[in-house]
There are 2 protein chains.
Amino acid sequence: MTDIQIAQQAKMQKVIPLAEEKLGIPKDALEPYGHYKAKVDLDYLDSVEGAADGKLILVTAISPTPAGEGKTTTSVGLTDGLNRIGKKAMVCLREPSLGPCFGMKGGAAGGGYAQVVPMEDINLHFTGDFHAIGLAHNLLSAMIDNHIHQGNALGIDVRKVSWGRVVDMNDRALRQVTVGLGGVGNGYPRSDGYDIVVASEVMAIFCLATSLSELKERLGKIVVAHTRDNRTITASDLEAHGAMTVLLKDAFRPNVVQTLEGNIAFIHGGPFANIAHGCNTVVATKAALKLADYVVTEAGFGVDLGAEKFVDIKCRKSGIRPDAAVVVATLKALKFHGGVPVGELENENLEALERGLANLEQHVRNVRECFGISTLVAINAFAFDTEAETALLKRKLAHLDVQVIESSHWADGGAGAEELAKAVVSTVESKPSDMHFCYDDEASLVEKIEAVAFKVYGAEKVTYDTKVGKKIAQLQKEYGHYPICVAKTPYSFSTDPKKLGAPKGHLVKVREVRLAAGAEFIIFVCGDVMTMPGLPKVPAATRIDLDENGKIVGLF
Amino acid sequence: MTDIQIAQQAKMQKVIPLAEEKLGIPKDALEPYGHYKAKVDLDYLDSVEGAADGKLILVTAISPTPAGEGKTTTSVGLTDGLNRIGKKAMVCLREPSLGPCFGMKGGAAGGGYAQVVPMEDINLHFTGDFHAIGLAHNLLSAMIDNHIHQGNALGIDVRKVSWGRVVDMNDRALRQVTVGLGGVGNGYPRSDGYDIVVASEVMAIFCLATSLSELKERLGKIVVAHTRDNRTITASDLEAHGAMTVLLKDAFRPNVVQTLEGNIAFIHGGPFANIAHGCNTVVATKAALKLADYVVTEAGFGVDLGAEKFVDIKCRKSGIRPDAAVVVATLKALKFHGGVPVGELENENLEALERGLANLEQHVRNVRECFGISTLVAINAFAFDTEAETALLKRKLAHLDVQVIESSHWADGGAGAEELAKAVVSTVESKPSDMHFCYDDEASLVEKIEAVAFKVYGAEKVTYDTKVGKKIAQLQKEYGHYPICVAKTPYSFSTDPKKLGAPKGHLVKVREVRLAAGAEFIIFVCGDVMTMPGLPKVPAATRIDLDENGKIVGLF
């Protein structure tokens, strides 16, 4: 059965009584969006702020293959497993982006018997959060061009507008456009470009702000342009941030849904994991910790990108601290890191697996040493995994003193993740974490990128040309205390997606640095960054349809 | 008090029990979107299809001034008034467009004590319908450029792509753009442009389709481009219409909200009233007629644009038939038609009023003679209206044998519209309508535009250049049976916004004709048509904000 078929057969419970039963959230604190989606009231969340925090489990991964190693699926399965062994557990996930559903990628709400539902809603419009984020972004864009058109009192240089536009669609034709054509009535012609909504700085801000007032303040700090003499123009100079906050007011409340096994999930926010920090909102994670004893959450891509940003960006300002990390791997992907080509990954290959293990080992060491978080390994099981492979993996990892658990939640739901759940509980209880950052606030921006490159990526040197060096020096003055956010390939520790396994001694070339003044981080671009995907030759949209009973087909 | 202050002070009732109490809609047939918005299930609406229809009251107006004459306000007030005199009445309205809220225009959910609530939600994201319509439109756009990029098997001529892109924002810089710049990876450069979402043909189709399967069929018929040898390319050629329907599936259910006095309103769909037909969805109107004894609805602009399209487009295929029409006028606007400049409209001026009455008289005659609908006149009262003015108006209109009622719903709510409600009931009961179209399906496109221009506008001649004539002849072959949709200024019967009152003998120059194959009408453009508004010098967005209690301010 496909994911959507499993999801459509699920007997969902009405989510408001379910959230009351499972987490004690009073009915009045939940606003329904249909019967199976709700938003939780911010005033109620303020009222539980004094409660003790539950344990936070960060689900991260090895360097993934393009298919992904199943972090969301494992997060959902682990949550169901924890509930099965008697723990009050919930999961915090990112919202999927609508646009890519019509391209190549299917849904992003777990898979198999470890899914969150209603799957179609979550993957399509959900509760409209991304629409609100897109509109808030585009309102600011319209106000920039309008300001220039209406006399340009602030003196914006049309060549120096850095705030583009967004749409939640894979649309390569919009990557680079010229706007303001057609004559005097339509403003000043200038070069512009579209990103997909999840790449918007508004999304990153939305995920990091802890209150509506902080949201507004951060939106006001967004740098949108410069003047001819290089004065900075912000969203607050255009008086756009109040109206942007109004557009985001409802979206800012966490969304409540359920797993296939009737446990509660908060799904809220979904920033890119390269030019942004790649995890769900701070508001949702903090709230979940007050409501459940175990909170499972995920961070985008592998440890090098996702967990690093989770710690150095999300945890730094919010005070959130994970109690354990689960590094997800598949035998398939480890064989890929060991040199097996796609297409042969389902065959047993012990030599390749052994070579590929270097990738997993390095990630496990990083979680412990770079961030001080207690770690365990989850093997997201596939039917073609062999006993010999699993045995080899466990034997080879013995020296790390890390628990390695095969987990069959994809096929078996929470029952398949009970062992993983028990291991998580024993790790949390027996090996308390003492999370630390990879670098301090006081380190310079160069020291920060070097700390991440040397410690996490195993690189030997960070390089950049004079122009980038100048920009770094310039940003250092005003924004040197911000954390950094590295955009690089997720497929390798290095900046070369072809260097699999655990490369050492490589160079990290910084191609570009960008200020995200509202998100409060500096983006170091170290490779190609795609912020507007394209559709494939045969888009999934051509197969997505309503059948004669009004059921959605082709979304998977 | 401002509209938003009145709306925020309203004691709303939970809309699901309210809809059950007022209209007998069972709880299970309503899906909540928060406590004060809901969507009604299509299966339930199918189940009541056999019920007898209530009476349908069309609220239309004189040629408006830019401030509008209060059609929505009157529709809401009349509904409350009908309920006060013991009738089971509800109202069907258009959804406001989000973008313009940040420009000049305030909300569009009535005004004063005749509003629908929750006002902020209705004016902002509401239940996400317009976001869905915008995305469905832009999915098709992305699939066109992707098809060209991926080998262009259909042979689309990049110079002949007629399907643009949309955003729900006033953004003049997007009126004319170049897309596909930046090299081979980004597709083929071509000229493109953005409209505001309400101008999308998807919106018109959404409002005219009677079922999801008809919606899909009409979406498939959208003409998006032509080949080099002028073959037509449709959305179904690109296999986009199934996925577009999936995006619109939830939006297609009518939205249920309430008036300030706790009566039910369906607010659903909102197409432009120039390049489209300007009224709420057929689905909502048909459903309302099964549920209430009196259904009040509105059509955009004055009788010449709104009522004409209501009859000739919306009623033609759907079988909907209005039982009476209320022509809304303000003394202020009549004085404007009589030559008084803006700024002096609040002063008594009997001479100007008498001159301006010609506009009202012509509209009343048109409703009766062109469409066969029983008519009455509602004067939407302002505090500065004088008794002498009202008396003059009634005396001068006596020869038309039309009831003229002053209605103070803006200030007094339903109580102020009781007299209007009684007059509506007596008109419906004593003067049954026998609606007919302004032209038959079989008339040629030229005969159709002449029928509207001569009968409704009082014009003497319809002209067009050779190129337009050729296009009309070409469209006549395949689409000659479609109704026409005229885009012209709403401020005059003529195509010149400065010709106030009731001009006669004028020319109607057709500048352009456009095919809306999915909406199933031919657009005759007779004047400047603005499908992407701009923001004013000081956008309303600069005043819209959240106050310290999290309340929205500045939206009015």
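Leaving aside neighbours within four places in sequence, which residues is A:Ile523 in contact with? They are A:Ile275, A:Cys485, A:Ala487, A:Glu512, A:Val513, A:Arg514 and A:Ala516, where contact means heavy atoms within 4.5 Å.

Before going on, some ground rules. This is a predicted model, in which local features need pLDDT of at least 70 and side-chain atom pairs count only at pLDDT 80 or more, while totals for chains, interfaces and linings use all residues. Residues are numbered from 1 along each chain as its sequence is written, chains are lettered from A and ligands numbered from 1 in the order in which they are written, and side-chain values use heavy atoms, with hydrogens and water left out.

Back to A:Ile523. This residue lies in strand β24 of chain A, residues 521-525. Helices (H or I, at least four residues) and strands (E, at least two) are DSSP runs, numbered from the N terminus. A:Ile523 has 7% relative accessibility and counts as buried. On this scale buried is under 20% relative accessible area, exposed is over 50%, and partly exposed is in between, with a 1.4 Å probe and protein chains only. From A:Ile523 to A:Pro341 the separation is 182 residues in sequence and 33 Å in space, C-alpha to C-alpha.

Two of the contacts of A:Ile523, A:Glu512 and A:Arg514, also meet each other in a salt bridge, at 2.8 Å from N to O. A salt bridge here is a side-chain nitrogen of Lys or Arg within 4 Å of a carboxyl oxygen of Asp or Glu. A:Glu512 is partly exposed at 32% relative accessible area, and A:Arg514 is partly exposed at 30%.

Now to chain B, where strand β23, residues 512-516, pairs with strand β24, residues 521-525, in the antiparallel sense over five bridges. Two strands count as paired if DSSP finds at least two bridges between them. B:Glu512 has B:Val525 in β24(B) as its bridge partner. The hairpin has four residues between the strands, and B:Glu520 in it takes a positive phi near 65 degrees.

Next, the open sheets. In chain A, three strands are ordered β7-β12-β13, with antiparallel pairing. At the edges are β7 (156-161) and β13 (232-234) of chain A, each pairing on one side only. Neighbouring strands of the sheet are turned by 50 degrees against each other on average, direction ignored. Two bridges join β7(A) to β12 of chain A, residues 223-227, and A:Ile156 is the bridge partner of A:Thr227 in β12(A). What packs on this sheet, touching β7 and β12 of chain A? Helix α7 of chain A, residues 129-149, does, and its direction makes about 135 degrees with that of β7(A). Axes are lines fitted to C-alpha atoms, for helices over the stretch in contact, and angles run from 0 to 180 degrees between N-to-C directions.

Chain B also has an open sheet of three strands in the order β7-β12-β13, with antiparallel pairing. There, β12 (residues 223-227) and β13(B) pair over three bridges, and B:His226 has B:Thr232 in β13(B) as its bridge partner. Helix α7 of chain B, residues 129-149, lies across β7 and β12 of chain B.

How do the two chains meet? 65 residues of chain A are in contact with 65 residues of chain B. The chains bury about 5600 Å² between them, 62% of it on carbon and sulfur atoms. Buried area is the accessible area (1.4 Å probe) that two parts lose on being put together, summed over both. How many salt bridges are there between chain A and chain B? The count is four. A:Asp545 forms a salt bridge with B:Lys216, with the closest N and O atoms 2.8 Å apart.

Over all chains the structure holds 64 salt bridges. In chain B, B:Arg84 forms one with B:Glu418, the closest N and O atoms being 3.9 Å apart. That pair links distant parts of the chain, with B:Arg84 in helix α4 (residues 71-84) and B:Glu418 in helix α17 (residues 418-430), 334 residues apart. B:Arg84 is partly exposed at 44% relative accessibility, as is B:Glu418 at 23%.
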